[in-house]
Amino acid sequence: DENVHYLDYKSLFELGDKCCKNNNQIKNDLFNLGVTHGNEFGVPLSEIEKTLLNYDISLDDILNDKSLPKNEQKWVRPTFPIFENCSKYENEQIYKREIRRIKHGVYFWSNGKLIYVTGVHYAGMVHWKLMESKTDYFIYTRVQRDIFYFMDLCVNDPKCVGGIIFSLKRLGKSEIMQLEMFVDALLSEKGRYTFQGLNLVEAKKNFAKTFYANKHLHESLPVTKFDETKKSIKNRERDNLIVFSREELTNGIIWTAVDTKTSTDNIDFGVKPTNLSGIQGQKLKRASLDEFASLEREGEMTLENWHSKAYAQTTEDSGSVVVGKIWLIATAENINSNSLAEAQQIWNDSAPNKIDLNGFTPSGLKRMFIPFYLGGRGEAFLDEFGEPRIDIAIKHWENKMAGLSDSGKVLYSHQNPKTIEHVFNIDKDGGLE
């Protein structure tokens, strides 16, 4: 069920370790929860929430107070001290705490409910400074929470090569893909990451946002780097957490991390126009194709060929071992795109009921559809807790559709799909909202 979000069994016991009291009893209950409600994905988060709420527990990373009135329980971005005024020890403790949260996620109380957000989502709301936005950082919304749940599910499934998502416009799709890549690089020793746009201009414009976010990391993370996985402390003066060098290339830009042990242990971010050569070479930790459903064919560069090449670059041993992830997130905005049929085939081949005996879908991907009424970004369609105002959004959509011509209805419903049928203009599909 693509509407249900899960926590895997390993995360269950990490959750038990975070509990400050009743530790053993909670671990036992979480284990029983896995036996009772678990499936091949893990345990539904809704069931975990019910179990946690049975306890008066304190988790290390619950970011607000349960005792607040319900209407005051909401996401508030943590504040940070002026790091130059802190001691080395204080900076190290802040850094370790933030890396832990980025790795494992956090909790906060929202209108009487305990909400879990993944580490990547936390990084977006706290550390990923937005280049072009009315808000400096991601605000909390349920739909973005669910996207990051979905991506976390894909990342932690060894039988999944990534995800395909169709959504409405203006959901922050490009930023979400780049953020996930960046956080993975932040926690990795080395890896190759490629973000591709429809053309070089679009690719540069989108990826400039990653460089901007990295440039401003020192505002929310100490400049002294302490990494528990590397068991090392590296002191820098006013540097960023990941330092990029910039090199102009014929077919794009490569941003290479320079704070690694040797020249072979690089974190490489490649920003390329959409061509097959952009993902050739070494294996990829991430391959992302922005607005894939609007891709125009050029020679061998088709969506089908790109997916096939990206699959090969993120797997080994004939696709049996997954070494990276593919992200395809788009709005089917270009209704005349000749890639839409190929996108539909990839979508159909990502259905959970098509998993083969090896444990993979035909595409290697999981899929997620986000109807327009879940994706509000402003007060009109979002309440103060980041929850969608579904009835208001649907009423607006219906009123808008009633006043449009037939061709206008097709375009508007592509940009703001209510069902998966609106994405492909098909009579019936097995996808779930």
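## Enclosed spaces

Welcome to this predicted model. The largest cavity holds about 70 Å³ of space.

Which residues line the largest cavity? They are I102, A123, H127, W128, L179, F182, V183, L186, A213, L217 and L221. Sorted by class, this lining has 10 nonpolar residues and 1 polar residue, with no charged residues. Helix α7, which covers residues 173–186, makes the biggest contribution to the lining of the largest cavity, giving 4 residues.

## The largest pocket

Next comes the largest pocket, with about 1,200 Å³ of space. Two or more residues of its lining come from each of α6, α7, α8 (200–215) and α11 (390–402). Among these helices, α8 gives the most to the pocket lining, with 4 residues.

In total, 39 residues line the largest pocket. Those that lie nearest its centre are K169, R170, L171, G172 and R377. How does the lining of the largest pocket divide by class, and how many residues are nonpolar, polar and charged? There are 13 nonpolar, 13 polar and 13 charged residues.

## Helix α6

Helix α6 is worth a visit of its own. It runs over residues 142–155, so to speak a stretch of 14 residues by the helix assignment. From its first C-alpha to its last, α6 reaches 20 Å, close to the 20 Å expected at 1.5 Å a residue.

Why is α6 described as largely enclosed by the rest of the structure? The reason is that 11 of its 14 residues are buried, where buried means under 20% relative accessible area. The buried residues of α6 are V143, Q144, R145, D146, I147, F148, Y149, F150, M151, L153 and C154.

## Nonpolar cores

In soluble globular proteins, nonpolar side chains tend to be buried together. Here, the largest nonpolar core has 58 residues. Which of them touch the most other members? They are V117, I147, L179, F269 and I370. Helix α7 gives the most to this core, with 8 residues. Another core lies apart from it and has 31 residues, including L303, Y311, A332 and V423.

Some names now come up again. I147, one of the residues touching the most other members of the largest core, is also among the buried residues of α6. L179, likewise in that core group, also lines the largest cavity.

Terms used. Residues numbered from 1 in each chain as written. Predicted model: local features only at pLDDT ≥ 70, side-chain atom pairs only at ≥ 80, totals over all residues. Heavy atoms only, no water. 1 Å grid on protein atoms, 1.4 Å probe; cavity = no way out; pocket = protein on both sides within 12 Å on 5 of 7 lines; lining within 4 Å. Points joined across faces, edges and corners; volume = space filled by probe spheres on them. Nonpolar A, V, L, I, M, F, W, Y, C, P; charged D, E, K, R; others polar. Expected span 1.5 Å × (residues − 1). Buried < 20%, exposed > 50% of the residue type's maximum accessible area, 1.4 Å probe, protein only. Core = buried A, V, L, I, M, F, W, Y, C linked by side-chain atoms within 4.5 Å.
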